[in-house]
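Please walk me through this structure, with the cut-offs behind each term. Start with the strands, then go on to a helix and the aromatic rings.

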Amino acid sequence: MSDTTIPLTQRPAWKALQKHYAEIGKTHLRDLFESDPTRGTRMSAEVDGIFLDFSKNRANDETLKLLIQLAKESGLRARAEAMFSGEKINITENRAVLHVALRAPKEEQIFVDGEDVVPEVHKVLDKMAAFSDRVRSGEWKGYTGKRIKNVINVGIGGSDLGPVMAYEALKHYSQRDLTFRFVSNVDGTDFAEAVIDLEADETLFLVASKTFTTLETMTNAHSARDWFLKSGADEAAIAKHFVAISTNEKEVAKFGIDTANMFGFWDWVGGRYSMDSAIGLSTMIAIGPDNFHAMLDGFHAMDVHYRTTPLEQNLPALMGLLTIWYTEFFDAQTVAVLPYEQYLKRFPAYLQQLTMESNGKHVTLEGETVDYQTGPIYWGEPGTNGQHSFYQLIHQGTRLIPCDFIGFCKGLNPLGRHHDMLMANVFAQGEALAFGKTAEQVRAEGTPEWLVPHKVFEGNRPSNTILVEELTPKALGQLIALYEHSVFTQGVIWDIDSFDQWGVELGKVLAQRIIPELEDKSGELKHDSSTNNLIIRYRNGR
């Protein structure tokens with residue numbers, strides 16, 4: 001039974017885990033595998049082509065039993081059901097959290113404030129599909145009558161990281177006579193390089209900002225507008241080359257965009273959870289409506305799995321609980337996500353926002369300061385590149401870094417032995433991290449004694465391996481939802497609000513104050529001495 005009024009560190013399962021850690025914390029994975037020949041097959045779970053091997057974790061059956069008990073004491077099931085049911089679990093903003101509604105089938109019903117939101121979701125999806133088909137077929141023409149060849153998504157945060165990750169991940173399925181670029185950084189270089197070789201009359205801009213007031217996005221959008229008009233187009237032509245992903249009809253119209261080409265979404269969609277909403281318009285144009293809906297099917301399949309599968313075989317719950325285990329009891333500060341698939345090169349960057357903006361919190365839902373760690377740092381690069389970069393630290397450094405390896409049974413671009421070599425590295429790295437290489441093994445190779453310590457691999461470094469049949473649109477949806485629900489699981493255990501992001505506000509407010517101070521040298525500066533000095537040096541160096 002759950003009793004979430006009891007502070008996390010006072011819950012019976014937490015105290016049992018502390019005692020259990022004292023007993024098992026130093027046990028080596030070599031011993032865990034040696035004492036249980038079935039461990040490698042038994043400690044795994046699978047759903048619809050997504051296979052999770054969690055046997056190379058520093059955990060045993062008792063660990064998992066206690067972690068699941070902690071989830072129950074923390075009210076994980078009730079909290080998840082509240083999310084799926086449209087309750088306003090984002091308490092600091094008084095909002096529902098319904099990214100799961102974005103991929104719900106038409107026949108489902110999900111209510112927010114007494115209104116079924118699913119029909120509206122599908123209405124927007126249908127509008128997106130009709131627009132995408134027009135652009136992809138060449139029916140949508142620019143103001144000179146030429147077809148659109150270039151699509152530029154202008155956004156930031158969730159309005160950029162999701163679309164760019166999905167485009168790169170599903171590039172194999174994209175329409176190759178269309179060029180896609182993504183502008184997010186307010187650094188002028190980002191925009192300048194995006195358009196440097198493009199013709200304005202063949203270019204379509206998708207401006208993604210819910211409020212149409214986001215500073216970075218609208219700065220880039222106005223630069224895009226100026227660039228377009230300088231090409232010789234008049235104001236009326238803007239409607240042919242700009243569309244809006246927004247809910248602010250007044251500002252969209254003021255910009256010059258036809259509001260008929262405005263694609264809306266809802267306040268119950270957080271930015272980092274929005275890539276399967278209208279924010280994914282660039283993705284749909286790239287891969288087509290059918291593939292986009294296949295991706296939504298993948299999201300939904302993982303949603304159903306998370307909502308209905310017992311925790312013992314529940315992939316997102318298990319991953320989230322193991323992250324809790326390492327963060328709280330082993331003092332692990334990071335998680336490395338290592339996709340062995342070049343198309344997933346932006347997946348770790350996408351997960352950085354999903355995980356760290358969600359769970360980078362220091363107070364509980366009740367506003368009490370936590371007395372435990374939250375929100376580990378997520379990072380990573382594609383394999384095998386990372387092996388020649390930072391794997392040295394993972395293998396022989398002093399920090400414990402749990403790893404998620406992601407591999408695919410089939411490669412999308414068969415080329416000789418490449419894929420077998422790639423996957424051999426997935427399996428080899430997990431094995432090396434877990435079991436290492438003892439001094440005796442090093443000596444047996446004839447290594448001089450002075451060199452032996454340098455060539456010893458301690459091992460006992462934990463990892464998950466996620467093995468997927470093939471990188472399809474559906475599989476991508478499954479993978480993203482897997483991490484979404486893992487993050488949610490962690491947030492519930494930590495008793496934090498995973499769906500607000502007040503931490504991004506202060507710097508934005510101060511930047512608005514500083515901008516005019518940089519542009520007007522006569523104004524008095526009233527910051528701290530460091531900030532004042534930096535502003536003065538910048539003014540003088542402009």
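**Strands, a helix and rings**

Strand S5 pairs with strand S7 (residues 203-208) in the parallel sense, over five bridges. Two strands pair if DSSP finds at least two bridges between them. Helices (H or I, at least four residues) and strands (E, at least two) are DSSP runs, numbered from the N terminus. The model is predicted: local features need pLDDT of at least 70, side-chain atom pairs count only at pLDDT 80 or more, and totals for chains, interfaces and linings use all residues. Residues are numbered from 1 along each chain as its sequence is written, and side-chain values use heavy atoms, with hydrogens and water left out.

Stay with S5. Val-154 has Val-207 of S7 as its bridge partner. S5 also pairs with strand S6 (residues 179-183), again in the parallel sense and over five bridges. There, Ile-152 stands opposite Arg-181 of S6. To get from S5 to S6 the chain passes through helix H7 (residues 158-169), and this β-α-β crossover is right-handed. Right-handed means that, with the strands pointing away from the viewer, the path from the first strand over the helix to the second runs clockwise.

How enclosed is strand S5 (residues 150-154)? Five of its five residues are buried, so S5 is largely enclosed by the rest of the structure. Buried means under 20% relative accessible area, exposed over 50%, partly exposed in between (1.4 Å probe, protein chains only). Both faces are covered: Asn-150, Ile-152 and Val-154 are buried on one side, Val-151 and Asn-153 on the other.

Ile-285 is in helix H12 (residues 281-287). Ile-285 counts as buried because its relative accessibility is 0%. Ile-285 and Phe-180 are 105 residues apart in sequence, with their C-alpha atoms 9.5 Å apart in space.

Now take helix H9 (residues 215-230). Its 16 residues should span 22 Å at 1.5 Å a residue, and its end C-alpha atoms are 22 Å apart, which agrees. The expected span is 1.5 Å times one less than the number of residues. The buried residues of H9 are Thr-217, Met-218, Asn-220, Ala-221, Ala-224, Arg-225 and Phe-228. Seen down the axis, they fall within an arc of 160°, so they line one face of the helix. That arc is taken from the directions from the helix axis to the C-beta atoms. An α-helix has 3.6 residues a turn, so residues three or four places apart point the same way. After H9 comes Gly-232, with a positive phi near 115°.

Lys-127 lies over the face of Phe-263, at 5.2 Å. A charge sits over a ring if NZ of Lys or CZ of Arg is within 6 Å of the ring centre and within 35 degrees of the ring normal. Phe-255 belongs to one aromatic cluster with Tyr-143, Phe-191, Phe-205, Phe-212, Trp-227, Phe-228 and Phe-242.

Rings of Phe, Tyr and Trp (its six-membered ring) pair if their centres lie within 6.5 Å; planes under 30 degrees apart count as stacked, over 60 as edge-to-face and the rest as tilted. By this rule there are 28 aromatic pairs. Tyr-21 and Phe-330 have ring centres 4.9 Å apart and planes at 80°, so the pair is edge-to-face. This pair links distant parts of the chain, 309 residues apart. Tyr-21 is partly exposed at 28% relative accessibility, whereas Phe-330 is buried at 12%.
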